[in-house]
Amino acid sequence: MIDDYRHKGLRRKLVEEVRSKGISDPRILSAIESIPRHFFMDSSFVEFAYQDKPFPIGSGQTISQPYTVAFQTELLQVEKGCKVLEVGTGSGYQACVLAFIGARVYSIERHHSLYLKAKELIAHLNFHSRVFYGDGYKGLSTHAPFDRILVTAGATQIPDALLQQLKIGGKLVIPVGVGATQIMKRITKKALEDYQVEEFGTFRFVPLLQNKV
Ligand code: SAH
């Protein structure tokens with residue numbers, strides 16, 4: 001696939017759109033301007049890659065809307081060198097945004113074909129995000145604890161394993177809801193068994209599944 005001046009121009013427009021919706025972190029805007037989102041999409045949707053919309057990526061899953069990627073990343077308050085677990089690698093786009101802003105990324109995906117595709121693309125683009133195949137509902141105990149955990153699928157409740165695998169002072173960003181939509185939550189682990197919960201509006205994600213690997 002190629003990345004030419006036309007794609008770069010479309011990315012600059014997308015950055016302006018995402019900025020106008022309230023995203024201000026320059027590192028995140030720069031990630032959107034730099035990462036070729038069209039590489040992460042099914043070839044039939046390449047023309048739509050720079051619209052601020054989610055799109056199908058195969059296996060019934062979607063690449064999140066760029067605004068949502070930026071919003072979740074901003075909520076996560078990533079500092080350089082932070083060890084971040086992403087649950088739901090999908091296309092791998094979010095994992096690259098996190099790596100771009102300096103995170104040490106561990107990303108887990110339950111669909112084997114998506115896992116393989118994302119792993120290959122991330123390596124091809126030279127991002128240092130590690131991708132794992134498995135059930136992220138259980139976290140990634142072999143590499144825990146994490147400074148930050150980002151869930152990019154809608155959960156019906158907050159998985160206990162993710163709270164356990166968070167460092168003290170760490171943050172978990174997760175959309176939670178039982179119906180078609182979820183409330184974006186940020187949980188800060190103040191101390192063992194002491195959590196602060198904040199809420200940030202309504203979103204619509206594909207479901208976080210449990211015990212399906
Ligand atoms: N972050 C992705 C978008 C993710 S869509 C991107 O940037 O493209 C949500 C993803 O979560 C889907 O790929 C889905 O297969 C995955 N998923 C759902 N339940 C999961 C689980 N228990 N463990 C790991 N991945 C899961």
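**Notes on the sheet, the ligand site and the backbone**

1. Ile183 has its bridge partner in E9, namely Thr202. This pair belongs to the antiparallel pairing of strand E8 (residues 182-191) with E9, which extends over eight bridges. The model under discussion is a predicted one.

2. E8 and E9 together form a hairpin, with two residues between the strands. In that turn, Glu193 has a positive phi of about 65°. Most residues other than glycine have a negative phi.

3. An open sheet of seven strands runs in the order E5-E4-E3-E6-E7-E8-E9, and its pairing is mixed. Strand E5 (129-133) and strand E9 (194-203) stand at the edges; each has a single partner strand, so one side of each is left without a neighbour in the sheet. From one strand to the next, the twist averages 15°.

4. Which residues are closest to the ligand? They are Ser91, Glu109, Asp135, Gly136 and Leu209, from a total of 27 residues that surround the ligand. The space taken by the ligand is the largest pocket. The elements that give two or more residues to the shell around the ligand are strand E2 (61-63), helix H4 (93-100) and E4. E2 gives the most, with three residues.

5. A nitrogen atom of the ligand lies 2.9 Å from a polar side-chain atom of Glu86. For Gln94, a polar backbone atom is 3.0 Å from an oxygen atom of the ligand. For Glu109, an N or O atom in the side chain is 2.6 Å from an oxygen atom of the ligand. Taken alone, the ligand exposes 590 Å², and the protein buries 99% of that.

6. Two further backbone features lie in loops and may be checked. Between Ala144 and Pro145 there is a cis peptide bond, with omega at about 5°. Pro145 lies in the loop between E5 and strand E6 (146-151). Gln77, although not a glycine, has a positive phi of about 50°. This residue is placed in the loop between helix H3 (66-76) and strand E3 (83-87). For reference, most peptide bonds are trans, and most residues other than glycine have a negative phi.

Key. Residues are numbered from 1 along each chain as its sequence is written. This is a predicted model: local features need pLDDT of at least 70, side-chain atom pairs count only at pLDDT 80 or more; totals for chains, interfaces and linings use all residues. Side-chain values use heavy atoms; hydrogens and water are left out. Two strands pair if DSSP finds at least two bridges between them. Helices (H or I, at least four residues) and strands (E, at least two) are DSSP runs, numbered from the N terminus. Axes are lines fitted to C-alpha atoms, for helices over the stretch in contact, and angles run from 0 to 180 degrees between N-to-C directions. A residue is near a molecule or strand if one of its heavy atoms lies within 4 Å of it. A polar contact is a pair of N or O atoms within 3.5 Å; within protein, one must be able to donate a hydrogen and the other to accept it, and residues adjacent in sequence count only if both atoms are side-chain atoms. Accessible areas come from the Shrake-Rupley method with a 1.4 Å probe; for residues, only the protein chains shown count as cover. On a 1 Å grid over the protein atoms alone, a cavity is a set of points where a 1.4 Å probe fits but cannot get out, and a pocket is an open set with protein on both sides within 12 Å along at least five of seven lines; lining residues have an atom within 4 Å of a point. A molecule sits in a cavity or pocket if more than half of its atoms lie within 2 Å of its grid points.
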